[in-house]
Amino acid sequence: MSTTTAQPKATSAFVAQAAIAFGVSFFGAGVGILYLPLDIWQRGFLAMSMLFLVTSTFTLSKVVRDQHEAASVHGRVDQARLEKLLAEHDPFTSVA
């Protein structure tokens, strides 16, 4: 008696939409920083801040994904142990 559910997979259209949205927003922020009426050091600060924000976002999303995968692995192991115990249990045997 297995009650495993399939993990939903992202479609190629969703992956493409996410990649395009990221590229457009990153390009737009870069162009916005480039054309701001600021000194070079102020533009540099904004550009470095934007790059740090992007890299830390990727890191955060990887950590959240890894935690979710670890939790689902533990859940599957616990479910397998429970199924094994239930399969081995015979309620009609007497305890002597």
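This predicted model holds two aromatic pairs. In one of them, the ring centres of Phe22 and Phe26 lie 5.8 Å apart, with the planes at 20°. Planes under 30 degrees apart count as stacked, so the Phe22–Phe26 pair is stacked.

Where do Phe22 and Phe26 sit? Both lie in helix 1, which covers residues 12–35. Four residues separate them, about one turn of the helix. Phe22 has a relative accessible area of 37%, and Phe26 has one of 31%. Buried means under 20% and exposed means over 50%, so Phe22 is partly exposed, and so is Phe26. The ring pairing also takes in Phe58: ring pairs link Phe22, Phe26 and Phe58 into a cluster.

Next come the charged contacts. The structure holds two salt bridges. Lys62 and Asp66 form one of them, at 2.6 Å from N to O. Both residues lie in helix 2, residues 40–88. They are four residues apart, about one turn of that helix. Asp66 also forms a salt bridge with Arg65. Here the closest N and O atoms are 3.2 Å apart.

Now take the chain as a whole. The secondary structure comes to two helices and zero strands. The radius of gyration is 25 Å, well over the 12 Å that the globule rule gives for 96 residues, so the chain is more spread out than a compact globule. Its C-alpha atoms fill a box of roughly 85 × 30 × 10 Å along the principal axes.

How much of the chain is buried? Buried residues make up 3% of the 96 residues. The chain exposes about 8,600 Å², and carbon and sulfur atoms supply 71% of that area. Its charged side chains number 7 positive and 7 negative. The centres of these two sets lie 9 Å apart.

Notes. Residues are numbered from 1 along each chain as its sequence is written. This is a predicted model: local features need pLDDT of at least 70, side-chain atom pairs count only at pLDDT 80 or more; totals for chains, interfaces and linings use all residues. Side-chain values use heavy atoms; hydrogens and water are left out. The radius of gyration is taken over C-alpha atoms; the globule rule is 2.2 Å times the number of residues to the power 0.38. Buried means under 20% relative accessible area, exposed over 50%, partly exposed in between (1.4 Å probe, protein chains only). Accessible areas come from the Shrake-Rupley method with a 1.4 Å probe; for residues, only the protein chains shown count as cover. Lys and Arg count as positive and Asp and Glu as negative; His and the chain ends are not counted. The place of a charge is taken as NZ of Lys, CZ of Arg, CG of Asp or CD of Glu. Rings of Phe, Tyr and Trp (its six-membered ring) pair if their centres lie within 6.5 Å; planes under 30 degrees apart count as stacked, over 60 as edge-to-face and the rest as tilted. A salt bridge is a side-chain nitrogen of Lys or Arg within 4 Å of a carboxyl oxygen of Asp or Glu.
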